[in-house]
Amino acid sequence: MYSLFMNKKTRLTPVDFLETFREMQFQVQRDVYEFFNEFLNNLEDSLKAHEKPLDQLEENIKGEFINEIRFVQCGHIVTMHKEDFIVLSLEVKDMGDIRRSLEYFAHWELLQSLPQVCPKCGERSGREKRTRIGKLPKE
């Protein structure tokens with residue numbers, strides 16, 4: 001967010017930034033995700049209204065997940081696709097620290113399906129999946 005104020009190409013003044021909050025409805029109770037999404041939508045509208053490029057905003061807040069499926073026995077990864085994210089929801093209860101939360105987020109989960117044949121080695125095995133962070137937002 002800091003670079004939105006400092007980059008000459010996309011400079012957003014504090015007054016412009018505060019306009020984003022003026023458009024929000026504070027009388028309505030909502031969770032943090034709803035608030036954050038409304039804030040980002042209003043910030044995007046403000047940037048458009050001031051003819052500022054949106055790529056700087058996306059570069060600073062958007063990350064990338066990588067979803068993977070692998071065979072348990074041989075470890076071959078057979079499916080991998082990327083997906084953009086803005087909000088990362090982590091388990092915090094009983095985790096102790098952020099590292100354990102991130103490890104839990106990216107742990108492998110066994111898929112409940114019949115064993116299949118790995119197309120890379122021909123071995124019959126169960127499969128597991130995980131989602132991991134491929135790219136973090138810039139700031």
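## Strands, salt bridges and a nonpolar core

Strand β1 (residues 63–71) and strand β6 (residues 127–135) run antiparallel to each other and are paired over eight bridges, where strands count as paired if DSSP finds at least two bridges between them. The helices (H or I, at least four residues) and strands (E, at least two) named here are DSSP runs, numbered from the N terminus. This is a predicted model, in which local features need pLDDT of at least 70 and side-chain atom pairs count only at pLDDT 80 or more, while totals for chains, interfaces and linings use all residues. Residues are numbered from 1 along each chain as its sequence is written, and side-chain values use heavy atoms, with hydrogens and water left out.

**The sheet**

- Strands β1 and β6 belong to an open sheet of four strands, which has the order β2-β1-β6-β3 and antiparallel pairing.
- At the edges of this sheet lie β2 (77–85) and β3 (109–110), each of which pairs on one side only.
- Strands of a sheet pair through backbone hydrogen bonds, and this can happen in a parallel or an antiparallel way.

**Salt bridges**

- Side chains of opposite charge can pair when their charged atoms come close.
- The whole structure holds four salt bridges, a salt bridge being a side-chain nitrogen of Lys or Arg within 4 Å of a carboxyl oxygen of Asp or Glu.
- Glu 68 stands opposite Arg 130 in β6, and these two residues form a salt bridge whose closest N and O atoms are 2.7 Å apart.
- This pair links distant parts of the chain, since Glu 68 is in strand β1 and Arg 130 is in strand β6, 62 residues apart.
- Glu 68 counts as buried at 3% relative accessibility, whereas Arg 130 counts as partly exposed at 22%; here buried means under 20% relative accessible area, exposed means over 50%, and partly exposed lies in between (1.4 Å probe, protein chains only).
- Glu 68 and Arg 130 also belong, together with Arg 132, to a network of salt bridges.
- Glu 128 forms a salt bridge with Arg 70, with the closest N and O atoms 2.6 Å apart, and because Glu 128 lies in strand β6 and Arg 70 in strand β1, the pair ties together parts that are 58 residues apart in sequence.
- In this pair Glu 128 is buried, with a relative accessible area of 12%, while Arg 70 is partly exposed at 23% relative accessibility.
- Lys 62 forms a salt bridge with Asp 84, and here the closest N and O atoms are 3.5 Å apart.
- Because Lys 62 lies in the loop between α4 (55–61) and β1, and Asp 84 lies in strand β2, this pair ties together parts that are 22 residues apart in sequence.
- Both partners are partly exposed, Lys 62 with a relative accessible area of 26% and Asp 84 with one of 48%.

- Asn 67 lies in strand β1 and is buried, with a relative accessible area of 12%.
- The side chain of Asn 67 makes a polar contact with the side chain of Glu 83 (3.1 Å) and another with the side chain of Thr 131 (2.6 Å).
- A polar contact is a pair of N or O atoms within 3.5 Å; within protein, one must be able to donate a hydrogen and the other to accept it, and residues adjacent in sequence count only if both atoms are side-chain atoms.

**The largest nonpolar core**

- Seven residues make up the largest nonpolar core, namely Met 24, Phe 39, Leu 40, Leu 43, Leu 47, Leu 57 and Ile 61.
- A nonpolar core is a set of buried Ala, Val, Leu, Ile, Met, Phe, Trp, Tyr and Cys residues joined through side-chain atoms within 4.5 Å.
- The elements that give two or more residues to this core are α3 (32–49) and α4, and α3 gives the most, with four residues.

**Cysteines**

- The count of disulfides is zero, a disulfide being a pair of cysteine sulfur atoms within 2.5 Å.
- Cys 74 is in no disulfide, and its nearest cysteine sulfur, that of Cys 121, is 3.7 Å away.
- Cys 118 is likewise in no disulfide, the nearest cysteine sulfur being that of Cys 74, 3.7 Å away.
- Cys 74 is partly exposed, with a relative accessible area of 25%, but Cys 118 is buried, with one of 2%.
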